[in-house]
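Notebook open, structure loaded. I went through it piece by piece and jotted down what I looked up.

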Amino acid sequence: MGLNDTPSGDRTHIGFFGLRNAGKSSLVNAFTSQELSVVSDIKGTTTDPVQKSMELLPLGPVVIIDTPGYDDEGSLGEKRVHAAKRILNRTDIAVLVTDAASPLTHLEKELISIFEEKEIAYVIAENKSDLLEKIPSDDDRHIYVSAKNKTGIEKLKNKVASLMKNELLSTDLLAGLVKKNETVILVTPIDDAAPKGRMILPEQMGIRDALDSDAICVVVKETNLKQALEQIPGVSLVVTDSQAFEIVSSLVPENIPLTSFSILMAKYKGFLEGAVEGVTAISELKDGDNVLISEGCTHHRQCEDIGTVKMPGWLTEASGAKLNFSWSSGRDFPEDLSKYRLVVHCGGCMLPSRELTYRMKCAHDQGVPFTNYGISIAYMHGILKRALSVFPELASKIKD
């Protein structure tokens, strides 16, 4: 998989924010050397967030996002400002584009406060510096640029690159779980929902991570797992798709560590501990409780779809309650979660880590437990402690 094939969820998201006519779109075009955004002297030309995945030197695989002006007006303007704020939930690095000839306004200061509150690394791009009689020296926070004359752009890129070093994911999916010459079995069911000729992202990541570790990687369907275990000695780890957890657990001997792609993805994305804490709410669900099932991507629903069919069935059976289910997918995640008793999220492989963390924080701030597919399935089948055995500190918190 080349850099241009890097999934959106694993790319650093760089958002450009600022007031109307600060030159955000012009700077985005200069920054990317592409006509990514429409440019005009008319205020409010950018009416919706514009984003593009690209390979950008020296930054690598990124998602560039141009946002509407933060000072947009009227009822429609309020919606555009709201859209800009939502972009912040998946922004790793923010570029605040200002007019170099003017002091910061209260709205620009408000944006900076939001960056700091959300712990988003940011830099201030002092645009239109070509209009200044004397250009001040750059410092650790301010870079003087001219989108018109294409000056200061490389300095801005290098500054963003330095901020990216702290934002990159520090671990691989199988980090610390397999060593050189050890054998890992990846169980990947192939059903009607599996796209022809493709594997889901966590499975691809697992294969690559095993190879990078110089481990021996064996990929099988759950129907071939028994034979694989009989024929392959010294298996060090089995990782399964969560939907096959029950059958795989019955086949894998207790002395072989077992976990799921969804659990590893939660660790990779940084929300595993919170998801483990939230899963016990399943046993507390009562008749009439509302449950939100959320997925980070959109896809065609099959007759045995996990989100709309299997998960509601498992939750109903495990709780013994008559539950009301709602669903969200893609970027359509509700901010008001107060009516829900539980949020069950997918593994989130297509979402940035920051957005997943934001979604969990939204739930926690409103007192709503938040968990994910793999952890829920393991919990409902009574094998969560075993599935977390690869993370002993978390496993120790699970009651037998």
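I started with threonine 188, which is buried at a relative accessible area of 4%. For the record, buried means under 20% relative accessible area, exposed over 50%, and partly exposed in between, with a 1.4 Å probe and protein chains only. I found threonine 188 in the loop between β7 and α5 (201-212). Helices here are DSSP runs of H or I with at least four residues, strands are runs of E with at least two, and both are numbered from the N terminus. Leaving aside neighbours within four places in sequence, threonine 188 is in contact with Met199, Glu203, Val219, Val220, Lys221 and Phe261. Contact means heavy atoms within 4.5 Å.

A note on the source before going on: this is a predicted model, where local features need pLDDT of at least 70 and side-chain atom pairs count only at pLDDT 80 or more, while totals for chains, interfaces and linings use all residues. Residues are numbered from 1 along each chain as its sequence is written, and side-chain values use heavy atoms, with hydrogens and water left out.

**Entry: the four-stranded sheet**

Next I traced the open sheet of four strands, whose order is β8-β7-β9-β10 with parallel pairing. Two strands pair if DSSP finds at least two bridges between them. β8 (216-220) and β10 (258-260) are the edge strands with a single partner each, so one side of each has no neighbour in the sheet. On average, neighbouring strands of this sheet are turned by 25° against each other, direction ignored. Angles run from 0 to 180 degrees between N-to-C directions, and axes are lines fitted to C-alpha atoms, for helices over the stretch in contact.

I then checked β7 (residues 183-187) against β9 (residues 235-240): they pair in the parallel sense over five bridges. Leucine 186 has valine 239 in β9 as its bridge partner. Helix α8 (residues 261-269) lies across β7, β9 and β10, at about 70° to β10.

**Entry: the cores**

Which residues touch the most other members of the largest nonpolar core? Ile185 and Leu315 do, out of 81 residues in that core. α8 gives the most to this core, with six residues. A nonpolar core is a set of buried Ala, Val, Leu, Ile, Met, Phe, Trp, Tyr and Cys residues joined through side-chain atoms within 4.5 Å. I also noted a second, separate core of 27 residues, with Phe31, Ile93, Val123 and Ala161 among them.

**Entry: α10 on α12**

Helix α10 (residues 306-319) packs with helix α12 (residues 373-380) at an angle of about 35°, axes 10 Å apart. From α10 the contact uses Ile306, Gly307, Met311, Trp314, Leu315 and Ala318, and from α12 it uses Tyr373, Ile377 and Met380. By class I get eight nonpolar, one polar and no charged residues. Here Ala, Val, Leu, Ile, Met, Phe, Trp, Tyr, Cys and Pro count as nonpolar, Asp, Glu, Lys and Arg as charged, and the others, Gly among them, as polar.

**Entry: tyrosine 340**

Is tyrosine 340 buried or exposed? It counts as buried, at 9% relative accessibility. Tyrosine 340 sits in the loop between β12 (324-329) and β13 (342-345). Beyond four places in sequence, tyrosine 340 is in contact with Asn290, Val291, Leu292, Ser326 and Val368.

Seven bridges join β2 to β3 (residues 60-66), and the two run antiparallel. Lysine 52 is opposite isoleucine 64 in β3.

Last, helix α1 (residues 24-32): eight of its nine residues are buried. The cover over those buried residues includes β1, β2, β3, β4, β5 and α4.
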